[in-house]
Amino acid sequence: MARHVYSFGGGKAEGNATMKNLLGGKGANLAEMASLGVPVPAGFTITTEVCTYFMLHKETYPDGLRETVHKALARVEKIMGTKFGDVANPLLVSCRSGARQSMPGMMETVLNIGLTSKTIEGLIAKTQNPRFAWDAYRRLITMYSDVVMEKAGGIEPKEGHGIRHQLEVELDKMKKARGVEQDTELTAEDLEELCGTYKAKVKKVLGKAFPDEAYEQLWGGIGAVFSSWNGKRACEYRRIEGIPAEWGTATNVQAMVFGNMGASSATGVAFTRNPATGDNHFYGEWLPNAQGEDVVAGIRTPNPLNEVTRPEGTEHLPSLETAMAKLYKQLAGIRNKLEKHYKDMQDLEFTIQEGKLWLLQTRTGKRNGPAAVRMAVEMHKSKLIDAATAVMRVTPNQLDELLHPIVDPKAEKTATVIAKGLPAGPGGAVGQVVFTADDAVAWAEKGKKVVLVRGETNPEDVHGMNAAEAILTSRGGMTSHAALVARAWGKCCIVGAGAMDVDVAKKRFTVDGKTVKEGDVLTLNGTKGLVYEGELPMIEGSEENPNFTAFMKVCDKVRRLGVRANADTPRDAERALEFGAKGIGLFRTEHMFYGEGSEEPLFLLRKMILSGGVDERKAALDELFPFVKSDMKATLAAMNGLPVTIRLLDPPLHEFVPNSMDERKKLAKSLGIKVADIKARADALHETNPMMGHRGVRLGVTYPEVSEMQIRAILEAAAELKKKGKKPHPEIMIPVLGEVKELADQAELVKRVHKDVAKKYGMRKVPHMVGTMIEIPRAALLANEIAEVAEFFSFGTNDLTQMTFGFSRDDVGGFVPDYIEKGILPADPFSILDQKGVGELVDMGIQRGRSTRPKLKVGICGEHGGEPASVKFCHKVGMNYVSCSPFRVPIARLAAAQAVAEEAAAAGPAKKPRKKATKKGKK
Ligand code: PEP
Ligand code: MG
């Protein structure tokens with residue numbers, strides 16, 4: 001029978017850190033810490049398999065689980081020297097969830113289990129601290145009635161009528177009656193009375209008494225944690241994060257330790273490095289005389305952990321380093337030990353109970369993009385991790401964050417700050433203010449950018465946080481829920497802007513006498529924690545960051561796949577170089593006819609298209625030639641020494657025919673024909689299905705003079721550059737090919753023009769290559785024949801996807817979303833390569849191509865060339881390079897490096913060379 005319970009504590013553990021799937025992240029790490037000798041309160045983990053069983057068997061447990069749990073509990077009792085349910089010496093436990101991937105705050109926890117009307121007497125006698133005991137009891141009643149009796153009981157109260165809220169109202173009433181502000185100011189007697197009030201309220205509201213028996217509480221807690229896996233917010237979070245429902249959560253039952261036993265007790269959350277910046281200093285927050293949830297819930301403003309990381313404006317708050325120096329030192333030692341052991345930044349929870357330090361959790365800390373990059377670079381530099389590990393430490397999305405917009409610092413200088421808070425998520429954002437998560441979603445669906453403003457967020461808000469551009473809260477610290485979630489998602493976020501008075505009901509907040517209402521626009525600088533009224537200009541993310549540069553170098557060291565850019569102008573070419581592209585994989589000739597400075601060449605192109613016969617067309621081409629040549633030359637010059645794949649004219653010609661009367665008149669005049677003739681010629685070019693019509697190589701076959709002009713422009717540009725001592729590497733690429741003879745036809749043209757140009761410049765060879773795009777399934781199928789002529793292939797996966805699926809690339813918006821929603825397709829195949837179908841053609845095309853030309857150079861220039869999963873696929877099938885838009889070049893470099901690291905990890909540890917057996921004394 002499978003084992004369902006794993007114990008830890010007392011310097012030993014039955015599980016370890018590798019068992020996350022079975023024990024969840026928390027359970028696996030508690031076991032690991034216990035084995036490392038880190039002080040961990042004893043406990044045991046009930047496996048995720050039990051959760052799955054529980055879900056499938058009407059919330060019942062596998063046979064024998066009760067006995068196993070009770071045995072494990074007896075072990076905890078032995079280690080802790082207390083007894084569960086014992087009147088004189090009671091053991092209290094917590095029940096916490098822990099899935100294999102952290103889901104902060106999405107599932108339930110019940111603390112102080114085991115406190116009953118009898119055992120509380122024992123706790124009071126033992127601790128001599130009745131106030132503490134009654135406080136623990138009232139927390140248990142609150143949590144238990146909310147989590148076990150209401151939520152797990154399937155009761156769905158109306159908004160604002162939940163039992164937790166009703167009990168909080170009673171607490172507020174009591175504080176008001178006693179004339180105090182803080183919970184901590186209530187006396188033991190007050191709290192005892194409050195517990196009575198709570199119990200009566202629970203019975204009245206939920207129709208059942210709060211259980212007064214320790215084991216009943218324990219099983220209630222265990223069941224509630226398991227059922228919270230299917231709670232509303234956990235399901236929502238799983239949907240957003242793509243976590244499978246089958247994983248389940250483990251339940252950790254662990255001896256309670258208390259941070260709220262007086263002045264020598266405390267609790268805190270810490271990160272081994274700063275999760276928002278990556279700074280290599282121990283970073284965290286703590287509160288004296290408090291329980292863990294107080295720090296995370298943002299109810300009290302927490303104190304800084306140490307002096308070096310103390311945030312501005314916290315000068316009046318004591319750091320743990322100064323308040324409890326010895327314990328801080330011990331904690332800092334554990335920090336070093338854990339980071340060295342796990343070789344990654346850890347997120348720790350600790351509690352100090354009457355001067356003794358306990359670690360309650362360690363897990364890999366969530367971080368934002370800038371922090372991820374910095375930590376990867378610094379950990380690699382200090383030899384804590386190797387290059388392959390470093391590249392796996394940054395997700396493509398995190399890298400993208402560094403390239404994200406920030407508020408223009410110039411504009412910030414003159415703008416007025418209306419509120420300040422903690423910089424929980426860097427970058428800038430502009431949006432209209434909304435006050436509820438549902439509004440954030442609704443507004444975002446209408447295409448509006450929103451900033452979600454809350455007093456503090458809780459897990460019920462995640463869908464709105466996901467939809468918002470940024471999150472702003474008036475309460476909470478850097479470890480508050482809002483900060484953790486925003487960091488995980490790389491969102492701009494400011495927390496704890498204390499001067500703001502948020503009124504969610506009235507959908508407004510006031511700050512320094514100013515009122516900001518729903519729909520008003522704010523600009524947030526999440527890097528500095530500054531809030532501005534109105535919209536400030538933003539500037540694009542910058543790659544001029546030394547950590548970014550160093551990280552990209554590590555990626556380049558690891559990857560084998562080349563990365564080029566799709567660039568159509570000299571300006572794009574320069575940007576491509578800045579982003580680290582090693583060449584241009586697609587220069588779309590037609591782009592010179594759009595945008596800035598294109599008026600004249602476009603006019604000439606139109607003239608060429610609408611000309612009456614070959615002679616007229618040739619005359620127009622002669623006029624166009626110098627423009628095309630100078631464009632090619634500028635790009636080849638910008639990419640000096642690097643390859644530039646220039647694609648001959650691809651789109652159907654009717655795309656260039658003017659529609660406006662003015663343009664038509666101008667053109668008619670210049671061609672000496674009537675406007676009606678223009679219309680007639682335009683109509684003649686009309687096609688029913690232009691995507692599969694007269695385009696690509698077909699243009700070159702019917703109008704060889706059009707190809708010839710372009711080929712001549714490329715070769716003359718290259719010859720002139722070469723003469724000036726430059727290194728041009730043009731690659732002439734023929735698009736939309738389905739048959740090798742089409743290519744042979746154009747290659748013949750190249751040969752002829754090359755002979756002319758070489759002669760003209762007195763050169764033996766003008767550098768160039770001739771190749772083709774593979775973007776029609778027939779080309780992939782006959783790649784072996786095509787490669788006999790083509791010196792290179794570039795997969796045009798936009799068209800290849802279109803032709804393989806038979807989905808019009810311009811019309812998929814009408815049906816692909818439904819396909820994704822219904823699970824027919826996992827994603828839009830135009831953004832993420834369909835590896836199963838289109839990918840099979842790519843793989844086959846490469847293999848067949850290389851069967852006749854083993855050294856065939858292969859790349860991709862469809863949109864997929866900058867999409868991480870597709871880049872990894874390109875690596876796997878043996879391409880030489882990917883090509884994508886300049887802004888996606890860094891992502892492609894990272895994905896290419898990760899492909900190598902993942903490949904190595906899948907292959908397992910490298911085998912050490914076996915030593916030859918030698919006998920002592922013999923050579
Ligand atoms: C392609 O089809 O993938 C491609 C790069 O060409 P275009 O998008 O210009 O058709
Ligand atoms: Mg194409």
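Predicted model: local features only at pLDDT ≥ 70, side-chain atom pairs only at ≥ 80, totals over all residues.
A polar side-chain atom of R647 sits 2.9 Å from an oxygen atom of ligand 1. Residues are numbered from 1 along each chain as its sequence is written, chains are lettered from A and ligands numbered from 1 in the order in which they are written, and side-chain values use heavy atoms, with hydrogens and water left out.

**Around ligand 1**

| Residue | Atom of the residue | Distance to an oxygen atom of ligand 1 |
|---|---|---|
| R647 | polar side-chain atom | 2.9 Å |
| N798 | polar backbone atom | 2.7 Å |
| D799 | backbone N or O atom | 2.9 Å |

Taken alone, ligand 1 exposes 280 Å², and the protein buries 95% of that (areas from the Shrake-Rupley method with a 1.4 Å probe; for residues, only the protein chains shown count as cover). In total, 13 residues surround ligand 1, and the closest are R588, R647, G796, N798 and R809; a residue is near if one of its heavy atoms lies within 4 Å.

Which elements each supply at least two residues of this shell? They are β28 (584-588) and α31 (797-805), and α31 gives the largest share, 3 residues. Helices (H or I, at least four residues) and strands (E, at least two) are DSSP runs, numbered from the N terminus. By class, the shell has 3 nonpolar, 4 polar and 6 charged residues. Here Ala, Val, Leu, Ile, Met, Phe, Trp, Tyr, Cys and Pro count as nonpolar, Asp, Glu, Lys and Arg as charged, and the others, Gly among them, as polar.

**Cavities and a pocket**

On a 1 Å grid over the protein atoms alone, a cavity is a set of points where a 1.4 Å probe fits but cannot get out, and a pocket is an open set with protein on both sides within 12 Å along at least five of seven lines; lining residues have an atom within 4 Å of a point. There are 3 cavities of 30 Å³ or more. The largest cavity has a volume of about 80 Å³, and its lining has 8 nonpolar, 5 polar and no charged residues. Of the 13 lining residues, L649, G696, L699, G700 and S707 lie nearest its centre.

The second largest pocket holds about 970 Å³ of space. Its lining counts 41 residues, divided into 14 nonpolar, 19 polar and 8 charged. β10 gives the most to this lining, with 3 residues.

**Two loop residues**

N289 has a positive phi of about 50 degrees although it is not a glycine. K507, in the loop between β21 (501-503) and β22 (508-511), also has a positive phi of about 50 degrees and is not a glycine.

Technical notes: Polar contact = N/O pair within 3.5 Å; in protein donor to acceptor, adjacent residues only side chain to side chain. Points joined across faces, edges and corners; volume = space filled by probe spheres on them.
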